Amino acid sequence: MDEPTLDAIIARYDDPAGRLLGILGEIQDEEGYIPRESLAMLAEKLDVRLSQLYSLTTFYSYFSLTPVGDHVITVCMGTACHVKGAPGILEALEGMLGIKSDTSEDGKFSITTDDKKFTLEIARCFGACSMAPVLRIDGNLYGYATREDLPAILAEYGWEP
Amino acid sequence: MTRKEASSTGGAKKQVTVTINGKKYPADEGEILLGVAVREKIAIPHLCYEPSLDPYGACRLCMVEVIKDGKREMTTSCTLRAAEGLEVVTDTPAIVKYRNVLFELYLAEAPKSEVIKEMAARYGVTKTRFLKKLDTTDSLGNKCVLCGLCVRACNEIMGAGAIGFVNRGPYTVVNTPYFEPTKDCFGCGACAKVCPTKAVEFEDRGSERVMTSWSGTKVPLARCDCCGGYYAPKALAISTLAHITPSLREEIAALCPVCRGRRIARDEILAGRGGGAGSHG
Amino acid sequence: MKIGSAADLEAVRQAGMQKLRPGKPRIAVGLATCGIAVGGNRVYERLREIIERDGLDIVLTKTGCIGYCKEEPLVNISIPNKPLVILHKVTEADVEEIVKQVSRGKVPADKALCRVPSWDHVTGCTLEYGKGFSKIPLYEKVPFFKAQKKVILRDAGLINPEDIDEYIAVGGYAAALKALTGMDPETIIKEVENSGLRGRGGAGFPTGQKWRITRDAKADKKYILCNADEGDPGAYMNRNEMESDPHMLIEGMIIGAFAMGAAKGFIFIRAEYPLAIKRLKLAIGQAREYGLLGSNIFGTGFSFDIGIATGAGAFVCGESTALVASIEGRTGRPHPRPPRLTDIGGGLFGYPTDLNNVETWCNVPVIMANGSDWYSRIGAEGNTGTKVFSLVGKVDRVGLVEVPLGTTLHTIVSDIGNGGANNKKVKAVQTGGPSGGCIPLRLFETTVDYESLNRVGSIMGSGGIVVMDEDTDMVDIARYFINFATGESCGKCVPCREGLKHALLLLNRIMAKKGTKKDIETLALLSDTIVATSLCGLGQTAPNPVLTTLAYFREEYDALVKP
């Protein structure tokens, strides 16, 4: 993220309440992750320690410190989704994308395919429980998902078997 | 307004009497009960308590039961403040039962810590039913219990902010941003000093202090102009002189504490005798 | 334009009524997150195309969600002097026919879920839609709606949440006007106390009492906060309240701020709710334009404004001290209380702060409008008012259900929810999210109120009710919640950080059929320890799913372990 963009984001937060998480959230939304240089620049501009910002970005699951793929697939792991088969959806997606879950050391679940096309993540709950199980791709929600639906859904985003 | 300001307002401290295990003790009103117990040599185990910092309440070992209106409630004594008539008991069956489980959790989390082993053993816990953490890459040698004192000393006392908590929950560790050497550390070693389990380590290697626990952060040491020895991190060597009179400061700024003391003594002697040369060897 | 008086508000009310009842057909598509996800947006777009194409004199608009999620997408049709008709499971393919019928003053009967001849918006406005369409079932005869009582969701799915005028049309902001110009703070707090309203975020602390403590705190500055971080998996009532009727929340906060003497409030909302954030921002902007937020509200000299602070994915930030830490830009690690938020030194930036859940705030306007007497007659003794629940999981009719407190689980799950989905037998419900417990079928006569749920080992929580059927493995459910809590633990205190991790390891072992009876005993002791010794509410309640499944479904554990 270049300096003017960051300055513009910072300028939107005149109240200290909600400021740091708000700014970090906008960087995350803009870039898909929090680039290291942006974090360092932010520390300098706001005169806060880098260790504080690093703590924040590793504590909150909304932030990612590594770049994500072209499309982010998020599987809801809420209770309703769990009882209605979300673990099976996740497993099927792992198979389709050729990745294996839970390889991270930071406790965050976010894995990107080698070709950087897809990132697979989980969420604790979208609050769309009535349509369980639910997944989201780049902001679009897919409800009542079944394993059988997945190839067609992913194909919309350029996935090939 | 900080929490500390709020809790310490009110002027002169009122004296109150608190009862611990049936015996009465004097205390300042609002004083941390664990502090009273430490002063009176009443054994309550604890790991994250540090009198110079706000109550933190993380290690959960200092549980006591407060007796009020015939009812008992379990709470941590490091967050309990002395008030007139406060009555607590330690080591009740419930406390012992739960504390022993906590000791088992600590033995699993910090299996290499002798401090933890000894403390648990004092309370009769020598084995753990839980899977021991053994991480060969742990820069804190599987001794850290995440009490947070190093982070707080670095941030709240020293104002350095070199280290912080990374991640959350069971994935939490303490380290520098990106697990890389940081320039925010000035090598004071407060982190190691406050660590209750002796997990934080650093060593002085020639002209450098290496913070081995903190991603190998290196801090330059100041060299004594007189004896040639390395004696303190550069950033601190200067700031520790702040309280010495300005005229002296310049002359001794680059000396180690030993040479500094000797130089001052020599100057005093010379001033008193009105002349004569001298030097230490 | 600024609304400075009752006359100004009345003028806007009439303008809003023109929008709600434009004197011509009006089609409103349910466009909350769930409606959009099942194709509501496409239905809306198609409707727009056809109405434009044919140059029809039909008003097309958006609305929120009436709660019957199973039947979405939902579309409302109001034709002058006819009942409002709710169409269900509408697809793009239906649109052509719908428009054709509506332009002839009819509705497609085969798509109709129910008709609403008149609707009580509770805050002083009953909309008489009209008579006719007698073959379409009445709203109150639909089993899903029959046992419900809409107080909080009174406008949801009926008005356009993106238009403040429609909220004002059905009685909105009249309560704020009444409170700010006709009542003093003491009277308002008395009213809230007398209403018996308790916190809807979980613990059920009396709201009036919390307000009084905040009001009495001596400080030159105070804050009020709204917890919209809705963290419980399986709960989404707050999302719908904000997406479908955001002004209700804003009005509640204005009244609260006036009563407690706060000039600034913040809504702490999870980043995972982009539509709710968008609608809240829009609503706040509209309220400012009308002078309902800002300086000198209603010419009373009272000033108040609301800001939005977004969360970043941490369940623990539902804990009050962690929530404040998060707004202040720190990690959400709770600190021991006292100091409480309402204490000097304990709240936001050290100032006394009142924190209430979304739904708690949403109860305030209706209490002011109708009085505490009226309100306290709803619900049960000590548990007044209604509560919105999200009825989800393996239940036939999923959706948002609003019932008076004191309603039995049986009524909610069997009468409203029609029991298990796909004719499966219901086995248990899980209430209260990760802090709650699993309640077996044999205890379904339990009334849903704060105390009764506690007695059976669960909690009210924010209102999630997840139904489990005969196929659900209860040990797996316990493991699911412990896994959740382990990942959401802040990591500050050892029983929560390490204890939950080891509870999870034990459950994994038991589920892999490698466990022993001793492991179950260790799990039980560990769970008790975590409850007794954790620093904050997350840890203190996290073992509840294990403890309740051990109490009610022990045989499922025993079947998995070696003796």
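Reader: How many residues of domain 1 of chain C are in contact with domain 2 of chain C, and how many residues of domain 2 take part?

Author: Please keep in mind throughout that this is a predicted model. A contact between two domains is counted from both sides, and here 14 residues of domain 1 of chain C are in contact with 18 residues of domain 2 of chain C. The side of domain 1 that touches domain 2 divides into 7 nonpolar, 5 polar and 2 charged residues, and the C-alpha centres of these two domains lie 31 Å apart.

Reader: Into which domains is chain C divided, and where do they run?

Author: Chain C is divided into domain 1 (19–162), domain 2 (173–373), domain 3 (384–469) and domain 4 (474–558).

Reader: How should I read a helix, and which residues of α1(C) are buried?

Author: The general idea is that an α-helix has 3.6 residues a turn, so residues three or four places apart point the same way. In α1(C), the buried residues are L9(C), R13(C), G16(C) and L20(C). Seen down the axis of α1(C), these buried residues fall within an arc of 70 degrees, so they line one face of the helix. They pack against α6 (164–169) and α7 (174–182) of chain C, whereas A7(C) and Q14(C), on the other side of α1(C), are exposed.

Reader: What span should the 15 residues of α1(C) have, and how far apart are its end C-alpha atoms?

Author: At 1.5 Å a residue, helix α1 (residues 6–20) of chain C should span 21 Å, and its end C-alpha atoms are 21 Å apart, which agrees.

Reader: Which residues are buried in helix α15 of chain C?

Author: In α15(C), which covers residues 409–416, L409(C), I412(C), V413(C) and I416(C) are buried. They cover an arc of only 120 degrees around the axis, which puts them on the same side of α15(C). Their packing partners in chain C are α5 (143–146) together with the strands β14 (386–393), β15 (399–404), β16 (426–431), β17 (437–440) and β18 (464–469). After α15(C) comes N418(C), whose phi is positive, near 60 degrees.

Reader: Turning to the chain interfaces, how many residues of chain C are in contact with chain A?

Author: An interface can be read by its counts, then its elements, then its residue classes. Here 44 residues of chain C are in contact with 34 residues of chain A. The elements of chain C that give two or more residues to this side include α2 (33–37), α13 (320–327) and α17 (474–488), while the largest share, 4 residues, comes from β10(C). By class, this side of chain C has 22 nonpolar, 17 polar and 5 charged residues.

Reader: Which elements give two or more residues to the side of chain B that touches chain C?

Author: Those elements are α1 (3–8) and α3 (93–109) of chain B, of which α3(B) gives the most, with 7 residues. Altogether 31 residues of chain B are in contact with 30 residues of chain C, and the residues on the chain B side divide into 19 nonpolar, 6 polar and 6 charged.

Reader: How many helices and strands does chain A have?

Author: The secondary structure of chain A comes to 7 helices and 5 strands, which follow the pattern α-α-α-α-β-α-α-β-β-β-β-α along the sequence. Of the 161 residues of chain A, 47% count as buried.

Note on methods:
Residues numbered from 1 in each chain as written. Chains lettered and ligands numbered in written order. Predicted model: local features only at pLDDT ≥ 70, side-chain atom pairs only at ≥ 80, totals over all residues. Contact = placed C-beta atoms within 7 Å. Nonpolar A, V, L, I, M, F, W, Y, C, P; charged D, E, K, R; others polar. Expected span 1.5 Å × (residues − 1). Buried ≥ 20, exposed ≤ 12 C-beta atoms within 10 Å, placed from the backbone. Arc of directions from axis to C-beta. Domains from an automatic or database assignment.
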